[in-house]
Amino acid sequence: MNFLTIGHRGVMGVAPENTLRSFTAAQHAGLDVIELDLHLSKDGALVVMHDADVDRTTDGKGPIVEKTLDELRALDAGGGERIPVFEEVLDAVTAPLQAEIKDAAVAQVLAEVMIRRDLCARVEVLSFQDDALAEISRLVPGVRTTLVASHYGRDVAGRAKAVGATALALDIQRLTLEVVEEARRAGLRVYGWVVNTQDHLRLVRALELDGATTDYPEIKRTARFTA
């Protein structure tokens, strides 16, 4: 498999994160995969946002789960952008997607969309939560899943295998050769995040990872030349 460059929430280093502008910019930059985050609104819409509340990335305040889709749509998500729903992203870009889910409730709603639109080939599901990955795997036969971890040891490969994941997305600040070797023995792909500097890029290439998640589209260009 070729080394994949993965746009973090689109290209959040240069455009408002998790917005259609950010996703289309990532595709225009030629990034191989686009990563995004999913939450449920009060009325069950599959909305694209990283945090559990809207405070950091919009001009509103409060938890997503306490707001209807119409209320969320009224917020400015940066530069006049609106909070998108998942299916709008599917229609706005053609690139493969990594969709991070926060819990099993999101998995249930995402599963309906994935089955209806036959998305197993296009959408890989990520989560920090083992039970969320187990739930999406139960609901969507053939789905590809990735366990995400920021605080982990060599046992992270075993956790991934236990829930049927085929890959790990690991914080490069803690990444070691021993962890990568354990993942390889378990037959897992490994992505590193967040890769925003040449030093980080050299590290993930030296460890022979399968891909890097980045905030900046320039990584796509420089990754070709970094051994």
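Modeller: Buried means under 20% relative accessible area, exposed over 50%, and partly exposed in between, with a 1.4 Å probe and protein chains only. The model is predicted, so local features need pLDDT of at least 70 and side-chain atom pairs count only at pLDDT 80 or more, while totals for chains, interfaces and linings use all residues. Residues are numbered from 1 along each chain as its sequence is written, and side-chain values use heavy atoms, with hydrogens and water left out.

Biologist: Is Arg9 buried or exposed?

Modeller: Arg9 is buried, at a relative accessible area of 10%. Its phi is near 55 degrees, a positive value in a residue other than glycine.

Biologist: And Glu208, buried or exposed?

Modeller: Glu208 is exposed, with a relative accessible area of 62%. Phi of Glu208 is also positive, near 55 degrees.

Biologist: Where is Glu208 placed?

Modeller: Glu208 sits in the loop between α8 and β9 (211–214). Helices (H or I, at least four residues) and strands (E, at least two) are DSSP runs, numbered from the N terminus.

Biologist: Turning to the largest nonpolar core, which residues touch the most other members?

Modeller: Leu36, Leu38, Phe86, Leu97, Leu110, Met114 and Val123 do, out of 31 residues. Such a core is a set of buried Ala, Val, Leu, Ile, Met, Phe, Trp, Tyr and Cys residues joined through side-chain atoms within 4.5 Å. The most residues come from α4, which gives six.

Biologist: What does Leu110 touch?

Modeller: Leaving aside residues up to four places away in sequence, Leu110 touches Leu38, Leu46, Phe86, Ile101, Val125 and Ile136, where contact means heavy atoms within 4.5 Å.
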